[in-house]
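I'd like to walk you through how two chains meet, so let me put the structure up.

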There are 2 protein chains.
Amino acid sequence: MKNVITISREFGSGGRTIGKRVAELLGYAFYDSEIVNQVAERSGFSSAFIEECGEYAGARSSLLFSLATASQYTAGGMSVQDKLYLEQENIIRELADKGGCVIVGRCADYILRERKDALHVFICSDMESRAKRIVECYGKKDKSPEKRLAEKDQKRRVYYRNYTGREWGAMKNYSLCLNSAALGLETCAQIIVQAAK
Amino acid sequence: MKNVITISREFGSGGRTIGKRVAELLGYAFYDSEIVNQVAERSGFSSAFIEECGEYAGARSSLLFSLATASQYTAGGMSVQDKLYLEQENIIRELADKGGCVIVGRCADYILRERKDALHVFICSDMESRAKRIVECYGKKDKSPEKRLAEKDQKRRVYYRNYTGREWGAMKNYSLCLNSAALGLETCAQIIVQAAK
């Protein structure tokens with residue numbers, strides 16, 4: 001039985017929803033914003049700022065973000081982003097040690113790669129389904145859904161590569177990769193539960 | 001219910017064994033060498049030659065192969081390899097139309113990509129497990145298992161790209177990708193059956 005399930009996912013693939021459903025089916029804890037809140041608490045930065053750090057890839061950013069990153073290095077000789085990443089890494093390790101949990105995103109697949117009791121899952125989908133989903137879930141924006149998806153993918157790719165040295169979404173790094181458009185969200189959840197047992 | 005299951009796999013991942021097991025569990029026909037034999041029958045070439053064509057990527061090849069490909073173009077203005085690929089494509093379409101089957105390799109995932117009743121699966125594994133497996137299944141050779149695996153992967157990649165224009169083993173092209181080293185062969189088979197239902 002796998003104690004820890006990490007779910008990495010493309011934006012708009014429904015990976016978060018699948019993760020929630022898996023946690024429900026297995027009676028596991030579900031960690032997503034929980035992690036950001038804990039990092040915020042320990043670091044003194046706002047959750048919104050942490051979120052921003054977790055996705056920064058040269059995109060337009062807040063004043064605080066610009067200030068915090070303008071002076072690249074803090075006293076410790078480490079950038080603010082790096083410090084926050086290390087904080088996040090500690091929190092993810094602590095949560096995993098509690099066992100019985102599903103963790104979405106945040107490089108958890110890499111951070112927990114050595115755990116024998118962890119199942120690492122990647123959820124992908126196709127552009128059309130993802131575009132449809134983000135408009136349903138987050139509404140229309142000035143930017144086209146396709147552009148929003150491309151930007152988000154790029155941010156996740158850069159962030160992941162920067163902290164793990166691995167290619168984001170490379171099949172090799174996961175026990176299973178599921179296409180939610182082809183299988184449907186519920187079937188994806190059922191398959192993950194079966195694989196975890 | 002999915003009528004047709006295509007299984008693409010890395011050499012040494014146990015994909016063929018998983019496919020056989022899935023066919024057994026679903027009471028489906030299992031096509032692998034069957035396809036080569038039919039191509040051989042229709043083309044007049046030997047099965048060994050067809051196999052060779054199906055994997056040619058500049059590696060050392062038989063006299064017949066050299067002769068057949070030296071004069072690049074046949075009367076039809078098409079290379080021997082291309083003709084054999086088209087023959088194989090027809091046979092795979094015919095077999096899929098019969099329904100209730102598992103087809104391993106041979107670009108079937110691409111050839112049948114439009115079928116709504118097809119489930120496309122990719123089986124990967126890690127180098128260590130694959131090396132161990134090919135020595136168990138096919139014995140030791142002068143070449144190291146790692147070198148044999150690298151060559152086979154390269155052949156499949158080149159052949160697949162040549163005929164499909166797609167990248168071999170790209171997650172996007174499959175409904176599910178399973179790591180047989182992480183999950184085990186039986187669990188992979190069980191998951192595929194569940195996804196097919």
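So, the area buried between chain A and chain B comes to about 1,700 Å², and carbon and sulfur atoms give 58% of that. Keep in mind that we're looking at a predicted model. On the chain A side, the residues that lose the most area to chain B are Met171(A), Lys172(A) and Gln194(A), and together they make up 36% of what that side buries. As for head count, chain A puts 20 residues into the contact, and chain B puts in 20 residues too.

Where on chain A does the touching side come from? Four elements each supply at least two residues: β4 (118-124), β5 (176-179), α9 (180-183) and α10 (185-196). If you sort that side by class, you get twelve nonpolar, six polar and two charged residues.

Now salt bridges. Over all chains, the whole structure has 34 of them, and two salt bridges go across the interface of chain A and chain B. Here's a pair to zoom in on: Glu10(A) with Lys172(B), where the closest N and O atoms are 2.7 Å apart. Glu10(A) sits in the loop between β1 and α1 of chain A, and Lys172(B) is in the loop between α8 (145-164) and β5 of chain B.

Okay, on to the sheet. Which strands join up across the two chains? β5(A) is joined to β5 of chain B, residues 176-179, by three bridges, and the two run antiparallel. Within that pairing, look for Leu178(A), which stands opposite Leu176(B).

Zoom out, and you can see an open sheet of ten strands with mixed pairing. Reading across, the order is β2(A)-β3(A)-β1(A)-β4(A)-β5(A)-β5(B)-β4(B)-β1(B)-β3(B)-β2(B). At the edges you have β2 (29-31) of chain A and β2 (29-31) of chain B, each pairing on one side only. On average, neighbouring strands in this sheet are turned by 20° against each other, if you ignore direction.

β2(B) pairs with β3 of chain B, residues 101-104, in the parallel sense, over three bridges. There, Phe30(B) stands opposite Val102(B).

Last stop, the helices on the chain A part. Helix α1 of chain A, residues 15-26, lies across β1 (4-9), β2, β3 (101-104) and β4 of that chain, and it runs at about 165° to β1(A). Helix α5 of chain A, residues 80-98, lies across β1, β2 and β3, at about 155° to β3(A).

Definitions and conventions
Residues numbered from 1 in each chain as written. Chains lettered and ligands numbered in written order. Predicted model: local features only at pLDDT ≥ 70, side-chain atom pairs only at ≥ 80, totals over all residues. Heavy atoms only, no water. Contact = heavy atoms within 4.5 Å. Buried area = accessible area lost by both parts, 1.4 Å probe. Salt bridge = Lys/Arg side-chain N within 4 Å of Asp/Glu carboxyl O. Nonpolar A, V, L, I, M, F, W, Y, C, P; charged D, E, K, R; others polar. Pairing = 2+ DSSP bridges. Axes fitted to C-alpha atoms, helices over the stretch in contact; angles between N-to-C directions.
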